[in-house]
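Let's take a quick tour of one protein model.

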Amino acid sequence: MTQPDDLILNPEDEVAIRQNLTLVALGKRPADLAIEVGRLLSVHSRHWLVDQEIIVSGRRIAYVGPRGSYKGAVAGRVSYPHLSAVPGFGEVHKHIESTHITPEFEAALVIPRGNTWTCEASHEFANVNGPKNQEFWQTARLAGSPLKVFIQPGSAVPPSAWEESGGYYGYEEQIAFLENDMGTVSLDEVMDWPSVWNPDNPGYIRMWGMIGATMEKRGVVEGHGSGLIDPHDLSAFAAAGISSDHEVWALQEAWERLSRGIFTELRPFSYDVILPGLIGKLEDWSNVAFTTDDRSASETLELGASDYNVRHAIHYGLAPEIAIQCATINPARHMRIDQWVGSITPGRYADIVLLDDVQTLSIAHVYADGKLASNGKQFVGTAPAIDWPDWARKTMNVGRRLHAADFAIAAEPGRATMTAAVLRPFHWTDDYFVEELPVVDGEVQRDAARLITKWAVIDRYRGDGALSKMFWTGCGPADPETAIACSVAHDSHNVWSVGSSDAAMALAVNRLQEIDGGWVLVHRGEVVAEVRFEIGGLMTARPAEAFDVEMQAFYRAAEKIEWMYKPSDLNLWKPGFPEFLKFATLTCSPWRWVLVAPSAAAPEGFVNVQTGEQHKVVW
């Protein structure tokens, strides 16, 4: 019998698939494969079933029971008597764009590490090309990739009312996304908190339109509650219908969120301060999941994917079975997709991780869509070749070549000095710094002795070559005629540049346009390193290993440069190449004063995103 194609979920195919699975489960139709295992973790009851067989039909599981108990015909049989089966791991909140490789290569990277499904927190590519975002995330799956991507359209498109990007999502767009695809499941992290609570905020109507559309279609409203500690704020956060938070940095923050019914998504870098205390305090872990959020392919090659999140939790003392639940059934239930993923049970996709040691989470094989997808770290699944179209490739629409004069900051006539507003990375305080800077030939100058350099954000969507610029401290190149430019600028993903000279900044941005995005490093007036992100200016359509080779070469070139370093009170960055600056353009809480690309709402780009106040960068 020809079975419906369930690569992309739709109601008609889903009914036909379930009808067929019912008959296969009863032994009235033949199955495709029986997978025999020594043990199988029932995540619903958190206990191990011994000597089990998993009967597969198409991409789904039809039957689970004791080995040899299935009464129907099976086309093939494999046996792993010494291995333990657990469900394919899922990501409740991940930006695949942050791996910097496209979804077909992401699959080859993460599936051998147990990750068979991901809820794609999609406000990265959505801000680059909003109208094509849903199609982008469906492309690899339709081409046969075994990685299941559940789409979460971004609430941050654009990220704030003072920004413009390549997308705009409101009520109508979100309704259409949820109606068009059963695999579009939620509203990605609501992170512009002032636009939720403040009716006077210019983003209020758009944000509540998206929240309302999501609720109307029974989707999940995901949250981002960074900096929300006061019980009134947390209560308001939950009262707004925001169901979760992954911005959890401390044990008390986790406990306060759980106590208010907020599904809590923990990232590994906070395990050390959260898990030991939570293990001794929390009895029911069903409202906890582990999440990657952002991790590059290079970091994944080094640390792991979802397997690292689980293994790291076990390292801190969490029982392996609970840790596995936090990467399988818990996130699946929260996202209301547990009828498809999250457990090794009938009706679900046949995504199975086979462990040769549970305590260390050592992975021997992974099955995805009912087929062997990896042996150890070697991916053996379907690897579709995708010719990404120009709407994905040609996204660097700055519109013109830039010149040193574009980055100059003019002084008032006759002035020897000017007062300047200065920001640093992750400037979370209410006020900007104020410094007196010298004027030379009518232009306000940097002051390397005080570690003051220049920072710019360039629009890459409208094609008008608009840019904003201001003075900056904390990090940046100290060598003369040196700059970096990057097209990864969370979350609008315009271009940013920091440099010791205006000419070097122009050179870096111009080269970035030529390679369709990525990283460019200029040292002493010459381009010395670059990394191509030719897909959306965020990703490359290459294997993780190829990307890593280029990235490591970039790091080596950056090591030859002297970098400014002025630590923050919170110790948020380290000396050396400031890769973290791709997150320094965020405009969500707890950011206050920020520099955004010029827009109709913020013509000079310097704005307090909490209050809407704007100011000149020099006066």
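Helix α5 (residues 171-180) packs against helix α7 (residues 204-216) at an angle of about 25°, with 8 Å between their axes. Keep in mind that this is a predicted model, where local features need pLDDT of at least 70, side-chain atom pairs count only at pLDDT 80 or more, and totals for chains, interfaces and linings use all residues. Residues are numbered from 1 along each chain as its sequence is written, and side-chain values use heavy atoms, with hydrogens and water left out.

**The helix pair**
- α5 and α7 are therefore roughly parallel to each other (angles under 35 degrees count as that).
- The crossing of α5 past α7 is right-handed.
- On the α5 side, Y171, Q174, I175 and L178 meet G209, M210, A213, T214 and E216 of α7 (contact means heavy atoms within 4.5 Å).
- Sorted by class, the residues of this contact are five nonpolar, three polar and one charged.

**The largest cavity**
- A cavity is a set of points on a 1 Å grid over the protein atoms alone where a 1.4 Å probe fits but cannot get out, and lining residues have an atom within 4 Å of a point.
- The largest cavity has a volume of about 120 Å³.
- Its lining includes L7, W137, F150 and Y349.
- α4 (133-142) and β7 (148-153) each give two or more residues to that lining.

**The second largest pocket**
- A pocket is an open set with protein on both sides within 12 Å along at least five of seven lines.
- The second largest pocket holds about 340 Å³ of space.
- Among its 24 lining residues, G58, R59, A368, D369 and K371 are the closest to its centre.

Methods
Points joined across faces, edges and corners; volume = space filled by probe spheres on them. Axes fitted to C-alpha atoms, helices over the stretch in contact; angles between N-to-C directions. Helix = DSSP H or I, 4+ residues; strand = E, 2+ residues; numbered from the N terminus. Parallel < 35°, antiparallel > 145°, perpendicular 65-115°, else oblique. Left-handed = near helix turned anticlockwise from the far one by under 90°. Nonpolar A, V, L, I, M, F, W, Y, C, P; charged D, E, K, R; others polar.
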